[in-house]
Amino acid sequence: MANNKQTDVIFGLYNDEEDLLRAVKAAKNDHLDIYDVYSPFPVHGLDPLLELEESRLHQAGFIYGAIGTLTAFLGMSWIFTKDWPNIFGGKPYWSVPAFIPITFEMTVLFSAIGMTVTFYIINGLGPGVVNTYLDDRITDDKFCIAFDKSAVSAERAESFFKSTGASEVNSKTI
Amino acid sequence: MSAVVSPLRRPLITGNKTYHQITEDLISPTEKTPTKAWVIGFVLSVAVLTFGIFCIIWTIWVGIGSWNLNRTINWSWDITNFVWWIGIGHAGTLISAILLLFRQKWRTGVNRAAEAMTIFAVMCAGLFPLIHMGRIWLAMFIMPYPNTRGPLWPNFNSPLLWDVFAISTYLTVSLLFWYTGLVPDFATVRDRAKGLRKKIYNTLSFGWTGSAKHWQRWESLSLVLAGLSTPLVLSVHTIVSFDFATSVIPGWHTTIFPPYFVAGAIFSGFAMVLTLMIITRKLLKLEDYITIEHIESMNKVILLTGTIVGVAYLTELFIAWYSGYVYEQFAFFNRALGPYWWSYFGMMFCNVVSPQFFWKKSWRRNITLTFFLSIVVNIGMWFERFVIIATTLARDYLPSSWSLYSPSWVEIGIYVGTFGLFFTAFLIFVRVAPVVAVAEVKAILKSSGDQYIGDNATHGHGHKHHSEHSDTH
C-alpha cells in the first residue's frame, strides 16, 4: 500500500490462486500478519480472508454525483430565472422537464470523474508514479504474499512459505 | 474459485491455456514488429485520413457552401454520418457495462476492443456537428460559461445542447472506463519490457502493483462505472433522437424514436464490432480468445436488436396510417415511393431481412456469413439515417420548396476521412495496448477455459460440480 517509509518485506510466490487462498487461510490460522497480497487479477474470496473492509468508493461516487445534480439543476435554474430569463417557444422560464437531460448527464459526469480521480489518489497511483515491484511475474502468472520483516521473522516466514507450497521466496525493500 | 458454472455453458477460452500463455498470446502483438498487413492497413488509413483532413480544411476555408446542403435539406450527409458513427459507438459501452452488470462472461473477450471502437467512433461522430457549425473557431460558444457577451448562455431547453452534454459525457466516461481497465494490463506489458519501453509503460500503468486492496477498489470502480454507463449509453441515443423527435417535421415528430434509435444503435454497433473483431482475431491470431461462442452471442444481440428495429419501422408505418394525419402519411409514402425509394428499400432489406438469417444456429456460427452480414447491417443503418434525415426534409410542407440532394465531393471526402481516422486510431491501439483484456480473461479462465468446462475438459480442478456433470454427459 501507499506509504512513504521503506519496508523490508519477505515474499513468497505461488503458482495458482487456489494455493494463494489456502496459504492466506493458513497465515490467518497461524496469526501471521500479512503485509500485502499481490495478484495478476482480482482473486475472489481474498477480501474476507484479509479482513479488507468493503470499499467505500461507491459512496464517494454518490456524493460526487449529487454535487453534479445540484450544480446542473441549480445552475440552469439560476441562469434561466435570474441571470438570463428568456422565453423559448412560450414555455415558462423555469421549465424543469427540459433541464432533466443535462442534469442527468452532469450527475454521471461528476460521479465518474470524481470516483476515478479518487480511486487513483487513494491507491497512490498516477502518471509518473514509480513503485518498487516485488516481482515482474506478479502481473503475469504469480500470486504473491508479502510479510513485513519487522512483524514476521524471516525464519518464520520461510517455514510458512515452505509448508504452504510457495514456488519461490525472496526479500526486497519497498 | 468454485463458482457454480452451468454445464451448458460453452468454453470461452480454448487451447488449454495457462495464465502465462494468456499473457504471452495477448501481449506479444504489442511487442513484435508490425506485420505487413498492419503496415499496409496503416498507410492506407493515414492516406484516407489525410484526404479527410484536406476536405475539412476546405470546408472551413471555403465555408459550408462547399457542401450540397440547401434551404430545404439543411441536414443531410453530415448529420447522417454523425448519427451513424454515434450509433456505432454504442456497442462498446453496452458490452463493457450492461454485460458486466448481467455477469456475461463472454464480454471479456471483446470488451477492450469494443470500448476502443466506441471512443474512436464518438470522435468521428463529434467532428460532424462541429464542422457543420460553419465557424468552428467559435465552437466554445456551445459550452455554458460566464462570458462577456452580455450574460449570454446557451439554450438549455434545446435538444441540440442536450446532445453536446450527452456526447461529451459519454466520451469522457467511456475514456475513464476504458483506461481504468487498461491500467493493470499496461502493468503486464511494463513488467515484460526493458529500457525506455518499460519507462513508457510504467507511466501508462500509473505504477500499478496488483495489491489486493487496489484490486478490490478496481472492481468496485468498474462496477459503479458500469452502473453509471448503462443509463448513460441509453440516454445518449435517446437524446440524439430528441434532435428529431422534438421537432414538428412529419416523420420525425414521433414518440417511438428514443427506443427505436437505441435499438438501432446497438444493432449497428455490434455489427461494427463483428466486422472489426473478425479481422482482428484472424490477423492477431486470437481465435482462442474471441471464439465462435463470442461471435454467436453477438449475432444473437444483432438478431434481437435488428428485430426490434424492424418492429419499429412497421410500427411507424402503421401509426402514420392510423393517425389519419395527411402530412405524416405523405412522409411515409414519400420515403417508400418517392425519389429516394432505393434508400428506403435498402434500409428495409439490410436491417429487417438480413438479421433474420441468424435464427439458424449454424449460420450464427458461420464466420464468412457473419462478416458479410455485419457489413450489410452497417450499410443498412447508414441508409436508415439518410432516410430519416435527408429524404424526410426533401419533401416538406410546401411543395414549392421541395428539393433534392446529393453530396458534394467535399462531403464524401469528410465521410471517407472519418474511416481513415477510425482505422488509424484502431491500428495504433492494437500496437500499443492488448486488444483483449488480459487480467479479465485470466479471471474467467477457471470458469470458462476449455480444460475446465465443455466436452474436452481434462480437469475439474477447482470445480466441485464438474465431475458430477461429466459423468452425466
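Strand S3 of chain A, spanning residues 143-148, is mostly covered, with five of its six residues buried. The model described here is a predicted one. S3(A) pairs with strand S1 (residues 8-14) of chain A in the antiparallel sense, and six bridges connect the two. Within this pairing, A:Leu13 stands opposite A:Cys144 of S3(A). S3(A) is also joined to S2(A) by four bridges, and these two strands likewise run antiparallel. Here the residue opposite A:Cys144 is A:Tyr38. Strand S2(A) is itself mostly covered, since four of its five residues are buried. In a regular strand, the side chains alternate between the two faces of the sheet.

Chain A is divided into two domains: domain 1 comprises 8-55 + 132-173, and domain 2 comprises 57-123. The centres of domain 1 and domain 2 of chain A, taken over C-alpha atoms, are separated by 44 Å.

The contact between the chains takes 57 residues from chain A and 50 residues from chain B. On the side of chain A that touches chain B, at least two residues each are supplied by strand S2 (34-38), helix H2 (46-49), helix H3 (57-83) and helix H4 (96-123) of chain A. Of the contributors to this side, H4(A) gives the most, with 17 residues. By residue class, the side of chain A that touches chain B divides into 34 nonpolar, 14 polar and nine charged residues.

The largest nonpolar core contains 180 residues, of which A:Cys144, B:Met117, B:Val173, B:Phe270 and B:Val273 touch the most other members. The greatest contribution to this core comes from helix H6 (residues 159-192) of chain B, which gives 16 residues. From chain A, the core draws at least three residues from each of domain 1 (8-55 + 132-173) and domain 2 (57-123). For B:Phe270, the residues touched are B:Ala91, B:Met298, B:Val301 and B:Ile302, when residues up to four places away in sequence are not counted.

Helix H2 of chain B (residues 36-62) has 27 residues and reaches 39 Å from its first C-alpha to its last, close to the 39 Å expected at 1.5 Å a residue. The buried residues in H2(B) are B:Ser45, B:Val48, B:Leu49, B:Gly52, B:Cys55 and B:Thr59. An α-helix has 3.6 residues a turn, so residues three or four places apart point the same way. The cover over the buried residues of H2(B) includes helix H5 (107-132) and helix H15 (409-432) of chain B. Just after H2(B), B:Gly63 takes a positive phi of about 110 degrees.

B:Tyr325 lies in the loop between helix H10 (292-322) and helix H11 (326-337) of chain B. This residue counts as partly exposed because it has 14 C-beta neighbours inside 10 Å, a number between the limits of 12 or fewer for exposed and 20 or more for buried. Although B:Tyr325 and B:Pro250 are 75 residues apart along the chain, their C-alpha atoms are separated by 9.3 Å.

Technical notes:
Residues numbered from 1 in each chain as written. Chains lettered and ligands numbered in written order. Predicted model: local features only at pLDDT ≥ 70, side-chain atom pairs only at ≥ 80, totals over all residues. Contact = placed C-beta atoms within 7 Å. Nonpolar A, V, L, I, M, F, W, Y, C, P; charged D, E, K, R; others polar. Core = buried A, V, L, I, M, F, W, Y, C linked by C-beta atoms within 7 Å. Domains from an automatic or database assignment. Expected span 1.5 Å × (residues − 1). Pairing = 2+ DSSP bridges.
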